[in-house]
Structure formats: C-alpha cells, structure tokens
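Please keep the sequence and the structure in view while reading.

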Amino acid sequence: MPRLVQFKEEHELLRESFRKWLQKEVVPFHDQWEKAGIAPREIWNSAGKNGFLCPWLPEEYGGVDADFLYSIVMTEECAAARVTALSLSLHNDIVGPYIFRSGTPEQKKKYLPKCASGEIVLAVAMTEPNTGSDLASIQTTAVRDGDHYIINGQKTFISSGQHCDLIVVAAKTNPRANPPHAGISLILVEASTPGFKRGRNLEKVGLHAQDTSEMSFEDCRVPVTNILGTEGSGFYILMKELQQERLMVCAGAQSGAEVALKESLKYAQERQVFGKPLSKFQHSQFKLAEMATKVEIGRTFVDKLIVDHMAGKNIVKEVSMAKWWITDMLCQVVDDGVQLHGGYGYMLEYPIAKMYQDARVQRIFAGSNEIMKVIIAKQMGL
C-alpha cells in the first residue's frame, strides 16, 4: 500500500546515508554498548559531523533547513537497524526546538551550532522522584538572587543524563503561583555549572545502551539570562512542544512494530514444526494476519498525523490517541512475536526478545497512556 507521506529524493538520499552510517558506526558495536549500559560520547560527534543532528536548523546555526521528514527518516532507520543507543529524537526533535523556538538570539547563537555539531548533547529534566505525569507538582526551585537563579532539587529518569552538556530544567520560580503550573519556568543549565551533579546511570528493563540518569542541583547558580521564554512560561512551552514529541514516539513505535512483524514472519516461514513451516499452521496464519492488520492500521494513522503536523494543524487530540494506541499495538505485536518464536523468543540472541524489553517503556514515557486518555477526554469536552 502506498504511503500517505511523500518522501522526496533528498529524503531518500538521507535515508541511504544515515543507514550506511548506522551500519558502520553503530550496529557493529551496539551489543557491546548494551552490556556497558552506555554508548561512547564520541558517537554524538560523529553524528554531528555527518549532519544527523538538528538538520532542521537554519544554516546560520549549523543545520540545512531540513523539513520534519528528515527526523521521520532517521527514526525509521534506527528502528529498522534495531538501534536504541542514541536519544537522537530527544536531542533533535524535542529539546532542540525548545531552544530554537523559545530561546533568545543570544542563546540560539551560543548553543545551537554546537547542538548541530555534536559538541553539545541535550537533555530535558522534568521528572522527579515523586513527580511523574503531574508536572505542576515538581519540587525543584529556582530562587532569584540578583542576576542569578539558585536551583535546588532532584530529577530522575533523565535520558542522556550521563552524556548531556546542556539541560533544560523545569523548576518553580514561583512556588506560590495559582494555578501551580503558572509558577514553572524552563532554565538552561550547563553541565559544568557548580552545584549540578550527575547521579547514577540507571539500570533499566530495556534500552540498555541509552544512558538514563538521576541528577541533582545543590545551590546551582545560573544566570537569569539562561531562562527560556519568560518566568512562569515553562509549562506552556512544554505543552506547545508535546504534539511533536508524542508524534515522534508514535513514529518510532510504529516502525518498531513493522520490524517485529517482519522478524516474526521470517521466523514462522523458516521454523519447521511437525514436518512443515510454522507459517503453514492456521493458528500462526491467523495470528500473523492479526499482527499485519494492526500494523497496517497504525501506519495509515501515523502517516496521516505526520502530514497534518507538517501542515501546521492542531492535532493534540489525534496525537494523544495515536500515542496510546500505537504504543499499545507495538507491545501487542511484539508479545505475539515472542509467542510465535516459542522458547527462542525469550532468548536475547533473537531480535524479538530485545524488542520485547525495549517496547514496554513506550507506553509510559512522553506521558503515560492513561494521561493520553485524560487529554482525549478533555478534548472531547468531557
């Protein structure tokens, strides 16, 4: 079935270039990085050197003024190669836009070229030990002291927490604000700032090569000029960018489901059971047909949202629907794939087992699927 998304020649050239880079620089070492629990920092410099970081930036900031499909292409190729080591989408499509859209000219000039080159790895610090989806309840504070903010607090589950050089920190600049979310601001904190401390690299169920950390701020003094937007605008900036963040999650989950279906179909056709391929049994055929149908429906849904997003449409409700449905579908397809593999599906030497580990968190991050349903209900006027 033809895709709704229309890739042009430049997108296919990027796909070929990025695929070759992954096969040379990432795939041969990925298992080693999984065991180490982290990829080398140098891989970010290589990605930047090859033009794979924030390509949508204008040329003055080190980009090539690429469109959103560049991000989609790289997300699809990472899924196809089963590469999870890099938080490319977080850096390129989530945190980078915070600075570009809400930063001052001075902030953009100082940071964005290095984000494109790989000299800076970005992270965003929202989640706290006792605060997940309820962002308005964060406890981290940023108290004004002359020309500086003094930041105190703890963050957890921070992707790229070990490698990051610049963190967008959500903090309360007005703890007494009513409503509470009106007191949240976003502040740029360089990792070299005294008072900033990286915590341990967290051990996770999946995504082992992708560093995820705790971090703390103890009387961390940051210039007032490091604020993104204005005081109290942090929550609104975050909400404005969530449509693209969740769409990127959908794109990755959809591509992952397609790879899981491909691996399961290949195994079922090769595996001999009772003298014939597993794929010749009616139960296997029915299960594969169900998986293929879900994947096909997901592709149509995600591609339509990509087209709408690029057209500048407000699709908060639809993206929230897709985020929960597509990530749920991914987990269903991967689980069915494990079952079709039998005992081998539980062995990490088979790709489907690793996919099983990596898929589960997608129903949690970028807003849990339960929160997606709350958003949908509100959009419906309920």
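The crossing of helix H7 with helix H10 is left-handed, a term used when the near helix is turned anticlockwise from the far one by less than a right angle, whereas clockwise is right-handed. The model is predicted, so local features need pLDDT of at least 70 and side-chain atom pairs pLDDT 80 or more, while totals for chains, interfaces and linings use all residues. Residues are numbered from 1 along each chain as its sequence is written, and side-chain values use heavy atoms, without hydrogens and water.

**Helices H7 and H10**

- Contact here means heavy atoms within 4.5 Å; Val259, Ala260, Glu263 and Ser264 of H7 touch Pro351, Ile352 and Met355 of H10.
- H7 spans residues 234-270 and H10 residues 351-359; their axes come within 10 Å and cross at roughly 150°.
- Axes are lines fitted to C-alpha atoms, for helices over the stretch in contact, with angles from 0 to 180 degrees between N-to-C directions.
- Helices (H or I, at least four residues) and strands (E, at least two) are DSSP runs numbered from the N terminus.

**Helices H1 and H4**

- H1 (residues 9-26) and H4 (residues 69-80) pack at about 35°, with their axes 9 Å apart.
- H1 passes H4 in a right-handed crossing.
- Residues of H1 in this contact include Leu14, Phe18 and Leu22, and those of H4 include Leu69, Val73 and Met74.

**Salt bridges**

- The whole structure holds 25 salt bridges, each a side-chain nitrogen of Lys or Arg within 4 Å of a carboxyl oxygen of Asp or Glu.
- Lys354 and Asp358 form one of them, at 2.5 Å from N to O; both lie in H10, four residues apart, about one turn of the helix.
- Both Lys354 and Asp358 are buried (buried is under 20% relative accessible area, exposed over 50%, partly exposed in between; 1.4 Å probe, protein chains only).
- Salt bridges that share partners join Arg3, Glu12, Arg15, Arg19, Glu76, Glu77, Glu258, Arg299 and Asp303 into one network.
- Arg200 and Glu214 meet in a salt bridge of 3.4 Å, N to O, which links distant parts of the chain: Arg200 lies in strand S6 and Glu214 in strand S7, 14 residues apart.
- Arg200 counts as exposed at 52% relative accessibility, and Glu214 as partly exposed at 27%.
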